[in-house]
Amino acid sequence: MRTIRIGSGAGYSGDRIEPALELAEKGDIQYLVFECLGERTVALAQQARLKNPETGYDPLLEERMRAVLPVCAAKGIKIVTNMGAANPLAAARKTASLARSMGLSLKVAAVTGDGVLAACRQSDLPIMEFAGGISQLGNRLISANAYLGAGPMAEALNGGADVVITGRASDPALFLAPLIHAFGWPMDDWNLLGKGIVAGHLLECAGQVTGGYFADPHFKDVENLARLGFPIGEVGEDGSLVITKVESSGGAVTAQTCKEQLLYEVHDPVRYLQPDVTADFSQVAIEEIGKDRVRISGGRGSERPATLKVSVGYVDSFIGEGQMSYAGPGALARGRLALEIVRERLKLTGVAANELRFDLIGVDSLHGGQVSAHANEPYEVRVRVTGRTDNLRDAIRIGNEVETLYTNGPAGGGGAFKSARDVVAVASVLLPRELAQPVVQFVGDK
């Protein structure tokens, strides 16, 4: 039975780069996948593209590609990534240009067509997170990007692409595409596709399944996290799967790390809706078969949904923030006094905020007033005031009032910080899949 090895080179946009290079150099992989696109990331990328049509792709694209392209080209490792964000074609052109500058001859493919803003504007699709339709967002609407499936990426690989760059796509689909390409899996073999989604879901967050995010000292100890290795999926033609990592790398692959990742961000494990298949995780079995080697079996699937999920980015509001630190005897009391001063000042000056938070970081900023009355008083606290407003002017005034605590508040304040920005939020709608038309475009020297 044929088996391929897929390395997970990134789990988010700002992830470490050296573990991906380690995978390419030492992992004996045939495919390297970079999953770098979050829900808000693509909306922010659309904003950047509006300012400059040649931008809108992942800001670390060039640095990642410069690190891995030489070894991947030498070893015939194919790269699949969603670093195209809002502009896959520009990202593909940039990658091809970079390859030429390094003396490499590579065929690069861009998958476009996830941008469905026009189709969404024409249909007042209901929003899933709150009451109302997409039309109520009006001119605050920035972007609408459909989660594409593995098909277009597999098509690009079938066309000889060495690097495939897409925009918004399902995260597991990035890993499913190489399986469809390598093994010729039919796009209606639901059980095979379901097994492929299990593999993709376990690999998509990179270091999370090798002990990152999992670690908890004295409860779940993980060695050498500073040199955390990223995972490798050994996938068979029948969908069989073993999760492992480079032997010399830090971290750990265990049944427990795999179980936690399998449940990560899954609302219904029986019906995990994906563009290519409705995956079923309910019968998955996890078995340690060696050090840092875990066998996964039992994934299944059923027919794909008739719709595609669309992430809609829009300007929700503005947020203003101010911070100030207090230390030494009485720091907690001075911090609380500082908050009361700012609370009263915002009323006196008429700052219109839809929501306000008054936090003491390290005391009550996460769980509010549920802090134990018997907790030891801290030696230092940091005041944080945040507010959501309808305009930038009021957002700026929140941070300004905190800053004035320097000379108008309790003794010993320092380290002031303030900011004001717009808030790009994300909502979801379901779009009939035929309204999204993916296109594969090739650039490069081959």
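In helix α2, the residues Val42, Ala43, Ala45 and Gln46 are buried, where buried means under 20% relative accessible area, exposed means over 50% and partly exposed lies in between, calculated with a 1.4 Å probe on protein chains only. Seen down the axis of α2, these buried residues fall within an arc of 160 degrees, so they line one face of the helix; the arc is that of the directions from the helix axis to the C-beta atoms. The model is predicted, so local features need pLDDT of at least 70 and side-chain atom pairs count only at pLDDT 80 or more, while totals for chains, interfaces and linings use all residues. Residues are numbered from 1 along each chain as its sequence is written, and side-chain values use heavy atoms, with hydrogens and water left out.

- Helices (H or I, at least four residues) and strands (E, at least two) are DSSP runs, numbered from the N terminus.
- The cover over the buried residues of α2 includes β5 (141-146), β14 and β17 (414-432).
- Gln47 also belongs to helix α2, and it counts as partly exposed because its relative accessibility is 22%.
- Apart from its neighbours within four places in sequence, Gln47 is in contact with Ile142, Val315, Asp422 and Val424, where contact means heavy atoms within 4.5 Å.
- Between Gln47 and Ile142 there are 95 residues of separation in sequence, yet their C-alpha atoms are 7.2 Å apart in space.

**The largest pocket**

- The largest pocket holds about 1,200 Å³ of space.
- On a 1 Å grid over the protein atoms alone, a cavity is a set of points where a 1.4 Å probe fits but cannot get out, whereas a pocket is an open set with protein on both sides within 12 Å along at least five of seven lines.
- Grid points are joined across faces, edges and corners, and a volume is the space filled by probe spheres set on the points.
- The lining consists of 41 residues, and Glu39, Asp171, Glu204, Glu265 and Tyr272 lie nearest the centre of the pocket; a lining residue has an atom within 4 Å of a point.
- Two or more lining residues come from each of α2 (39-51), α7 (171-183), β9 (272-273) and β14 (307-327).
- Strand β14 gives the most to this lining, with three residues.
- By class, the lining has 19 nonpolar, 11 polar and 11 charged residues.
- In this classification Ala, Val, Leu, Ile, Met, Phe, Trp, Tyr, Cys and Pro count as nonpolar, Asp, Glu, Lys and Arg as charged, and the others, Gly among them, as polar.

**Nonpolar cores**

- The largest nonpolar core has 68 residues, and those with the most contacts inside it are Val116, Cys120, Met153, Ile243, Phe281, Ile296 and Val310.
- A nonpolar core is a set of buried Ala, Val, Leu, Ile, Met, Phe, Trp, Tyr and Cys residues joined through side-chain atoms within 4.5 Å.
- Another core, of 35 residues, lies apart from the largest one and has Ala20, Val71, Leu98 and Phe230 among its members.
- When neighbours within four places in sequence are left aside, the contacts of Ile243 include Leu202, Val253, Asp292 and Ile296.

**Helix α7**

- In α7, 12 of the 13 residues are buried, so this helix is largely enclosed by the rest of the structure.
- Among the buried residues of α7 are Asp171, Leu174, Phe175 and Phe183.
- Just after α7, Gly184 takes a positive phi of about 65 degrees.

**Strand β6**

- Thr166 lies in strand β6 (residues 163-166) and is buried, with a relative accessible area of 1%.
- Not counting residues up to four places away in sequence, Thr166 touches several residues, including Thr81, Val111, Met153 and Leu174.

**Residues in loops**

- Glu265, found in the loop between α9 (255-263) and β9, has a positive phi of about 60 degrees although it is not a glycine.
- At 53% relative accessibility, Glu265 counts as exposed.
- Asp292, in the loop between β11 (285-290) and β12 (293-297), also has a positive phi of about 60 degrees without being a glycine.
- Asp292 is buried, with a relative accessible area of 11%.
- Cys205 is placed in the loop between α8 (190-203) and β7 (231-236) and is buried, at 12% relative accessible area.
- Not counting residues up to four places away in sequence, Cys205 touches Gly11, Gln261 and Tyr264.
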